[in-house]
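Let's read a protein model together, one question at a time. Keep the picture in view as you go.

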Amino acid sequence: MTPWTRRRVLTLGLAPAAILACAGVGGAELISRGVLPGRYLLDRLDGACSVPAPPLTFGPPGPAANGTFYSAARRRAVGYTITYPPGRHPGHQLPLVVMLHR
């Protein structure tokens, strides 16, 4: 029989704990989505309200301006889009929101 090393003790102790944690998180997600029973109890445990949320409604989109510029960092032309809230147009004072993606 092999001796009990620290590595073996940690492996045998932490692996089941990690599996149980993943199973618990997965089970809670399945319960919250209604796949498994127990949503009422889960809502009571985390203080969530069981009243259904109203459906999302979206207003009409505002105007948009598209264009391109040369990026020295990317060494090519890149595109951009500026969108305005409904009822606003270029020249209006608006708060700034910058959204970047890869």
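**Questions about the fold**

Q: What share of the contacts with a separation of 6 or more comes from residues 24 or more positions apart?
A: This is a predicted model, and a contact here means heavy atoms within 4.5 Å. Among the contacts in the protein with a separation of 6 or more, residues 24 or more positions apart account for 9%.

Q: In what order do the elements run from the N terminus on?
A: The protein has two helices and two strands. Starting at the N terminus, their order is α-α-β-β.

Q: How far apart are the end C-alpha atoms of helix α1?
A: Helix α1 covers residues 6-32, which makes 27 residues. At 1.5 Å a residue, α1 should span 39 Å. The distance between its end C-alpha atoms agrees with that: 38 Å.

Q: Which residue in β2 is the bridge partner of Ala65?
A: Strand β1 (residues 64-71) and strand β2 (residues 76-83) run antiparallel and are joined by eight bridges. In β2, the partner of Ala65 is Ile82.

Q: Which residue takes a positive phi in the hairpin of β1 and β2?
A: The hairpin has four residues between the strands. The residue there with a positive phi, near 55 degrees, is Arg75.

Technical notes: Residues numbered from 1 in each chain as written. Predicted model: local features only at pLDDT ≥ 70, side-chain atom pairs only at ≥ 80, totals over all residues. Heavy atoms only, no water. Expected span 1.5 Å × (residues − 1). Pairing = 2+ DSSP bridges.
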